[in-house]
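Hello,

Please find the structure below.

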Amino acid sequence: MTFPHLKTGREYGTIKKTKKMKPDIRPATTPVGMNGSHFSVFVVDDDESFLFALAFHLKKDTGCKVYCYTSVEECLCHLNHNPDVIILDYYFDREGENNIDGMTALQLIKSVKSKIPVIMISAQHDIEVSMELLKAGAFTYIIKDHEALKTIEKTLLSLRSLLAAQQSH
């Protein structure tokens, strides 16, 4: 399933809405990020339906600028935009020589932008996978289940508060 109105690499919510979608989902105030501009989040997942649902949920309920990418390569090409947080899937179901898994992606992101918190998400319930990701520098690991959107939202809001507190000191 594809979403023609979901353009990767562009802020979710700036694209013309279809008649079925709400015309404006921006809150009254937009949170400020670490770089002084709006708080921005990169979401990287090859599952477009989850990517779309998460982007819509985060934009509507947190007011963050949400940028969507369906591949790690796209995300890496845009790291110069300095997102405040990256939400990264662990497993990418794409074949080809350039396929990068979540662990490798996390390591690449941390080697270039070590201070950007990375929230790892996956359907994997393997504790060893989550421990390895945390050791590699992930901020946290969230399992994609029926509570995933709310869990990611709560984690993002907590992280935003933590980053704001660190900035003020």
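The notes start with how to read the model and then go through the cores and the rings.

This is a predicted model, in which local features need pLDDT of at least 70, side-chain atom pairs count only at pLDDT 80 or more, and totals for chains, interfaces and linings use all residues. Residues are numbered from 1 along each chain as its sequence is written, and side-chain values use heavy atoms, with hydrogens and water left out.

A nonpolar core here is a set of buried Ala, Val, Leu, Ile, Met, Phe, Trp, Tyr and Cys residues joined through side-chain atoms within 4.5 Å. Buried means under 20% relative accessible area (1.4 Å probe, protein chains only). The largest such core has 22 residues, and Ile 86 is one of those that touch the most other members. Among the elements that give it two or more residues are strand E2 (40-44) and helix H3 (102-112); helices (H or I, at least four residues) and strands (E, at least two) are DSSP runs, numbered from the N terminus. H3 gives the most, with 4 residues. A second, separate core has 21 residues, including Phe 39 and Ile 142.

The whole structure holds 2 aromatic pairs. Rings of Phe, Tyr and Trp (its six-membered ring) pair if their centres lie within 6.5 Å; planes under 30 degrees apart are stacked, over 60 edge-to-face, the rest tilted. Phe 42 and Tyr 67 are edge-to-face because their planes are at 65 degrees, with ring centres 5.8 Å apart. Ring pairs link these two and Tyr 69 into a cluster. Phe 42 counts as buried, at 1% relative accessibility.

Regards

Terms used:
Buried means under 20% relative accessible area, exposed over 50%, partly exposed in between (1.4 Å probe, protein chains only).
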